[in-house]
Amino acid sequence: MKANLLFISFLLSSFGLNAQTEVAPYMPGVTVEGVTYYLPKTAIRLVVQAEKRVYSPGEFRDYANLYLSLRNIPKEASTKWSIKSITMDTYGVPDPTKIYNIKLQKRTVAPLVGLSADGLLLSVNTEGSEEVLPELPKPVPAQKRKNPRDYMDREMLSASSSAKMAELVADEIYEIRDSRNALIRGEADNTPKDGTQLKLMLDNLQLQEEAFLQMFRGYTEVSTEVFCIDIVPETELDKMVLFRFSSKLGVVDNDDLSGEPVYITVKDLKTVPEPVVDEKAAKKKQKLEQGISYNVPSRAKVSVYAGDKVYSEGTYPFAQFGNVEILSDVLFDKNATTQVTFFQNTGGIEQISEGFSGQ
């Protein structure tokens, strides 16, 4: 996806033309003196996929052993949740403490500046691409349950008692099994010669048997729910409770003790040295303030876990654990054609190419 681009064309007064400024489209923070942009903080998006299993007892559960030799059938309804997966992605959000302005000056060629929709710097003198987070997985609803009464004949439906109906349904299950075995062996009078037709008949018998069996052993509806959690770590995190999870209720609030805690740890690996306090370097950097500020991110290890189970783990660059540096404005004077792209997640330099226009 191409970034929203802000193009500023400035014609030098030495050519005898009036200064012109074209701004399209409008972006937050644009002033008459220049272009305002943000450097990012790095945020984490965690996507939790949880499976929900709802068990409903069958109405003939008391006759399951008597008629079908089905033992240990649960008698109570129940709900059980489990975490299928937790995935992570990082993205950039504007850091209000890192806001800068590219000024329009008569002795420089004002650059083509690429900004994201929320004002993050993406590119200079070239087109940048705005990154988009992956789409969230779709929840998966439970399959529609077959109604066993749709397969009952008149005798079953008019049975005088539950016991009698259970007996008739059990007899039908055995007849279905006999019919299926006869078809498979080719012994049935109506065995089709066409393989596709045979499969359709077998599938239909299977559906009928499953529907009737539900009346004895019960039915479990299985669905998948999706939960999204966004977090912007300002500092390192040590075993912070991300959310709590209950096998009966699923994802619950952090202060709901009915659920077990799922933790997140973010550890700065300090891959970027701490800034050195040096008076000469500070003065030199101050002279570069008219240039383009960018981040030098540090990598951090992120872990999401509960007890001994690690759900997700990875190492990512984080803007807030690194430093801010400056690209000299000399790179963007009237003779320069320097092109720079930046990582949207961190504000670090992705690519830089230098050249001169020869004017």
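Student: Which residues of H3 meet residues of H4, and what makes this a contact?

Tutor: From H3, Ala166, Val169, Ala170, Glu172, Ile173, Ile176, Arg177, Ser179, Arg180, Leu183 and Ile184 meet Leu198, Met201, Leu202, Leu205, Gln206, Gln208, Glu209, Phe212, Leu213, Met215 and Phe216 of H4, where contact means heavy atoms within 4.5 Å. By class, this contact has 15 nonpolar, 3 polar and 4 charged residues, with Ala, Val, Leu, Ile, Met, Phe, Trp, Tyr, Cys and Pro counted as nonpolar, Asp, Glu, Lys and Arg as charged, and the others, Gly among them, as polar. This is a predicted model, in which local features need pLDDT of at least 70 and side-chain atom pairs count only at pLDDT 80 or more, while totals for chains, interfaces and linings use all residues. Residues are numbered from 1 along each chain as its sequence is written, and side-chain values use heavy atoms, with hydrogens and water left out.

Student: Why are H3 and H4 called roughly antiparallel to each other?

Tutor: Helix H3 (residues 162-185) and helix H4 (residues 195-217) pack at an angle of about 155 degrees, with their axes 10 Å apart. Angles over 145 degrees count as roughly antiparallel (under 35 as roughly parallel, 65 to 115 as roughly perpendicular, the rest as oblique), and H3 and H4 are therefore roughly antiparallel to each other. The crossing of H3 with H4 is left-handed, a term used if the near helix is turned anticlockwise from the far one by less than a right angle.

Student: Is Glu209 buried or exposed, and how do you know?

Tutor: Glu209, which has its place in helix H4, has a relative accessible area of 6%; since buried means under 20%, exposed over 50% and partly exposed in between (1.4 Å probe, protein chains only), Glu209 is buried. Leaving aside residues up to four places away in sequence, Glu209 touches Ile173, Ile176, Arg177 and Arg180.

Student: What makes Arg71 exposed?

Tutor: Arg71, found in the loop between helix H1 (64-68) and E3, has a relative accessible area of 56%, and is therefore classed as exposed. From C-alpha to C-alpha, Arg71 and Arg217 are 8.9 Å apart in space, although 146 residues apart in sequence.

Student: How do you know that E9 and E10 pair?

Tutor: Two strands pair if DSSP finds at least two bridges between them, and strand E9 (residues 260-268) is joined to strand E10 (residues 292-306) by 6 bridges, the two running antiparallel. One of the residues involved is Asp268, whose bridge partner in E10 is Ala300. E10 and E11, also antiparallel, are joined by 14 bridges, and the bridge partner of Ser293 in E11 is Ile326. In the hairpin of E10 and E11, with 2 residues between the strands, Gly307 takes a positive phi near 60 degrees.

Student: Why do E8 and E11 count as edges of their sheet?

Tutor: The open sheet has 5 strands in the order E8-E7-E9-E10-E11, with antiparallel pairing. Strand E8 (250-252) and strand E11 (309-327) each have a single partner strand, so one side of each is left without a neighbour in the sheet. From one strand to the next, the twist averages 30 degrees.

Student: What makes E3 and E6 edge strands?

Tutor: In the open sheet of 3 strands, ordered E3-E2-E6 with antiparallel pairing, strand E3 (78-103) and strand E6 (219-231) each pair on one side only. Strand E2 (residues 34-56) pairs with E3 in the antiparallel sense over 21 bridges, and Pro94 in E3 is the bridge partner of Pro40.

Key:
Axes fitted to C-alpha atoms, helices over the stretch in contact; angles between N-to-C directions. Helix = DSSP H or I, 4+ residues; strand = E, 2+ residues; numbered from the N terminus.
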